[in-house]
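Trainee: I've just opened this one and would like a guided tour. Let's start on the inside and work our way out.

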Amino acid sequence: MPEKNIDFGKFGASGIKGSDAVARQLDHLAGHIVTPITAKRGLMARLHYLTTSDRTWQAAKTAGLTVSDRTLKAWKQGTRRPSKANLERIDAAYKAVRRRNVARHLTTRLNRGGRGTRVEIHPLNQSGVARPLQRVVEHRSMNVRRWDKIVGSWAAGDHQGLHDTWTTDVLPDLGSQWGQYEYVTNIGFAA
């Protein structure tokens, strides 16, 4: 049963919540600036992305990046360097704005006009569990047709909403064993 894994890993199993694996894969599909923010090129690319329009700059402010225009200008000119806390805020704002900008496109690609997208679910890792306590959990694949709520929760940064949608709307399609896939090692899909 889902949500019954209160002591997950008690006997040595390892893995992550399936919804976290879905969020990680969506982040991968959304693409991002590869250069780290600690490098000047990575910082400038993120600042450029966040300041190209008033709409993106407003979204960056909503995501938590609140600096004066003077400070922003100094950062862009390279005369001042952001503090470590501001670098983290810039990166978090960039990710939030990027997610919001690609959400509609990703939803369309994943829904594929009602045909959906094939998802591979790799079960939790039981190599650390004693033999008598191990259970048979197979690799599964399924077709997910409704991505709107999943991508919407991901784009909004709503981890609990994504988890609820994944465990109540998607996993039950696996049948009676769906509770065994609340924790996984990986979930893969492409768009």
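Trainee: How much space lies in the largest cavity?

Mentor: It's a predicted model: local features need pLDDT of at least 70 and side-chain atom pairs count only at pLDDT 80 or more, while totals for chains, interfaces and linings use all residues. Residues are numbered from 1 along each chain as its sequence is written, and side-chain values use heavy atoms, leaving out hydrogens and water. A cavity is a set of points, on a 1 Å grid over the protein atoms alone, where a 1.4 Å probe fits but cannot get out; points join across faces, edges and corners, and the volume is the space filled by probe spheres set on them. The count comes to one cavity of 30 Å³ or more, and the space in the largest cavity is about 30 Å³.

Trainee: Which helices each supply at least two residues of its lining?

Mentor: Lining residues have an atom within 4 Å of a point, and here they include Ala-23, Arg-99, Trp-154 and His-159. Helices are DSSP runs of H or I with at least four residues, strands are runs of E with at least two, and both are numbered from the N terminus. The helices you want are α6 (148–156) and α7 (159–170).

Trainee: What is the angle between the planes of Tyr-49 and Tyr-94?

Mentor: Rings of Phe, Tyr and Trp (its six-membered ring) pair if their centres lie within 6.5 Å; planes under 30 degrees apart are stacked, over 60 edge-to-face and the rest tilted. Tyr-49 and Tyr-94 make an edge-to-face pair, 5.2 Å centre to centre, with the planes at 80 degrees.

Trainee: Which residue puts its charged end over the Tyr-94 ring?

Mentor: The rule asks for NZ of Lys or CZ of Arg within 6 Å of the ring centre and within 35 degrees of the ring normal. The charged end that passes, 5.5 Å from the centre of the Tyr-94 ring, belongs to Arg-46.

Notes: 1 Å grid on protein atoms, 1.4 Å probe; cavity = no way out; pocket = protein on both sides within 12 Å on 5 of 7 lines; lining within 4 Å.
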